[in-house]
Amino acid sequence: MAKRYFRLVDDVYTPGRWELGSPLDEREQEIRTWLFERGEPTHVEGRIRIPIYAPGKALDFSLLAGSSIPVVHARVAAVFAKLAPGDVQLIPVEVDGQSEPYVLLNITRVVKCIDDEASDEVRYVTPEHGLPDQIGEYRSVIGMRIDPTKVGDAQVFRTWGWVAIVVSEAIKEALEELGATGPKFTEVTGPSSISAEERARDRQCRELLETAEAAREMAWCSLGALDKEVFMPIAMSDSWPGRRQLWRVIRREVGRTLLVTHGFSDPFIERLEPSVGFGLELALEVDAAVKDISKGWPLLLLDRVADEVAEHEHVRESVKAGLFSMEVSGKGMPKSLVTEEGRVAVLLGVESRTLPRHFSTPYGEVKLVTVKALLPSELEYLLEHGAEGQAELARRFVESGEELLSRLRRKPVA
């Protein structure tokens, strides 16, 4: 009987789960995570601390945010120590708020075993990608399948050329018997799980989304430096055109930073045809005082505004037409923005002297809609003066020179 192997991933859909941050050394400096993704033993001096990126339910198996590095409870580490002693390096770590022992699992085995023909889709780096040192290597592997005859005696390993962790059936069963929380297994042996028709449809979906995404990336780069080091959470959402919530961070001059939605102009994926989705993207600008934009109030605010835009067609049409104000929940938001009713108000569509009103994609024009956080007194002014109040506030913001900037400490313009 052929051996069975399974890709091991983090179950991101575990309700109320935690998210772990980047490891820190004794000097509280971030440790270069690539040290633990090379597939070979490594050494770090002294204590390693794992901060909590997002609080929640502690898990027995987690991947560090934005990486493929497992941090596991000691009882999970014991399974790997017993069944795969030659394939792993167990590095004790201290996880914030946890009295029980945890271990960073450094997988030290790499196996060249991806079956290109059996996998759903394999793409390679070509000269057109501008990466001469990587030509011929994997650019993407969808629906991965491996050739079990090439695995040898490895029980857990990283696949050569592609970021994936694979375990034997024995390890899968041992973790399931243990009742370990957090891991998710997908078989990577045997025939493809999808038909030729499904494979063709999936390929067409990816090509549509990749074309739209590449065009947006070019637009963002024209506005400043695209920050690819910031880890931005990705979520699936049926209300977004491409069924994925994406965000980007753009560093601009004079210490300004733009946080933008990166998926409202995806094609409507169920239609399998080119389009600009909602035909807009949202942009919120903050200043250098916001140190980690992916964890603070800017993303929280833009996420709530985006939810309203995504879920209500009349809101989208109003936003496209011109100035539009709305209120969202103020839970977890800075007090200076929150009204007595526990809400935060924003004004959308204030025109900027430094941002274009639209940008082009192969599928059509996309409107760039600004989002400006309002102070409670400015909301009162809007409620009293209606549409005329929106226009007057926009004029005053432009006059102040901060028509885009959302700040927590500023003088109200109304």
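Visitor: Hi! Where does Leu-272 lie?
Guide: Leu-272 is in the loop between strand 19 (257-261) and strand 20. Bear in mind that this is a predicted model.

Visitor: And what is its phi like?
Guide: Leu-272 is not a glycine, yet its phi is positive, about 55 degrees.

Visitor: Is Leu-272 buried or exposed?
Guide: Leu-272 counts as buried because its relative accessibility is 19%, and the cut-off for buried is under 20%.

Visitor: Okay, what about Glu-28, what's its phi?
Guide: Glu-28 has a positive phi too, of about 65 degrees, and is not a glycine either. Glu-28 sits in the loop between strand 2 and strand 3 (49-50). With a relative accessibility of 39%, Glu-28 counts as partly exposed.

Visitor: Let's go inside. How many residues does the largest nonpolar core have?
Guide: The largest nonpolar core has 37 residues. Among those with the most contacts inside it are Phe-264, Leu-301 and Met-326.

Visitor: Which elements supply it with at least two residues each?
Guide: They include strand 18 (247-251), strand 20 (280-286), helix 4 (297-311), strand 22 (343-348) and strand 24 (364-373). Helix 4 gives the most to this core, eight residues.

Visitor: You named Leu-301. What is Leu-301 in contact with, leaving aside neighbours within four places in sequence?
Guide: Leu-301 is in contact with Val-328, Met-333, Val-344, Val-346 and Ala-373.

Visitor: Which residues are in the other core?
Guide: That core lies apart from the largest one and has 21 residues, among them Phe-61, Val-103, Leu-105 and Ala-180.

Visitor: Back to strand 24. Why is it largely enclosed by the rest of the structure?
Guide: Because eight of the 10 residues of strand 24 are buried.

Visitor: In what sense do strand 20 and strand 24 pair, parallel or antiparallel?
Guide: Strand 20 and strand 24 pair in the parallel sense, over five bridges. Glu-281 stands opposite Leu-368 in strand 24.

Visitor: How many bridges join strand 22 to strand 24?
Guide: Three, and strands 22 and 24 run antiparallel. Leu-347 has Lys-372 of strand 24 as its bridge partner.

Visitor: And what about strand 23, how many bridges join it to strand 24?
Guide: Strand 23 (residues 358-361) is joined to strand 24 by four bridges, and the two run antiparallel. Thr-361 stands opposite Gly-364, and a hairpin joins strand 23 to strand 24 through two residues.

Visitor: Last one, the surface. Which residues form a nonpolar patch there?
Guide: Val-12, Tyr-13 and Met-236 form one, with about 360 Å² of accessible area together. Val-12 lies in the loop between strand 1 (5-10) and strand 2 (19-20).

Note on methods: Residues are numbered from 1 along each chain as its sequence is written. This is a predicted model: local features need pLDDT of at least 70, side-chain atom pairs count only at pLDDT 80 or more; totals for chains, interfaces and linings use all residues. Side-chain values use heavy atoms; hydrogens and water are left out. Patches are made of residues with over 30% relative accessible area and no salt bridge: like charges are joined within 9 Å, nonpolar side chains (Val, Leu, Ile, Met, Phe, Trp, Tyr) within 5 Å. Accessible areas come from the Shrake-Rupley method with a 1.4 Å probe; for residues, only the protein chains shown count as cover. A salt bridge is a side-chain nitrogen of Lys or Arg within 4 Å of a carboxyl oxygen of Asp or Glu. A nonpolar core is a set of buried Ala, Val, Leu, Ile, Met, Phe, Trp, Tyr and Cys residues joined through side-chain atoms within 4.5 Å. Buried means under 20% relative accessible area, exposed over 50%, partly exposed in between (1.4 Å probe, protein chains only). Contact means heavy atoms within 4.5 Å. Two strands pair if DSSP finds at least two bridges between them.
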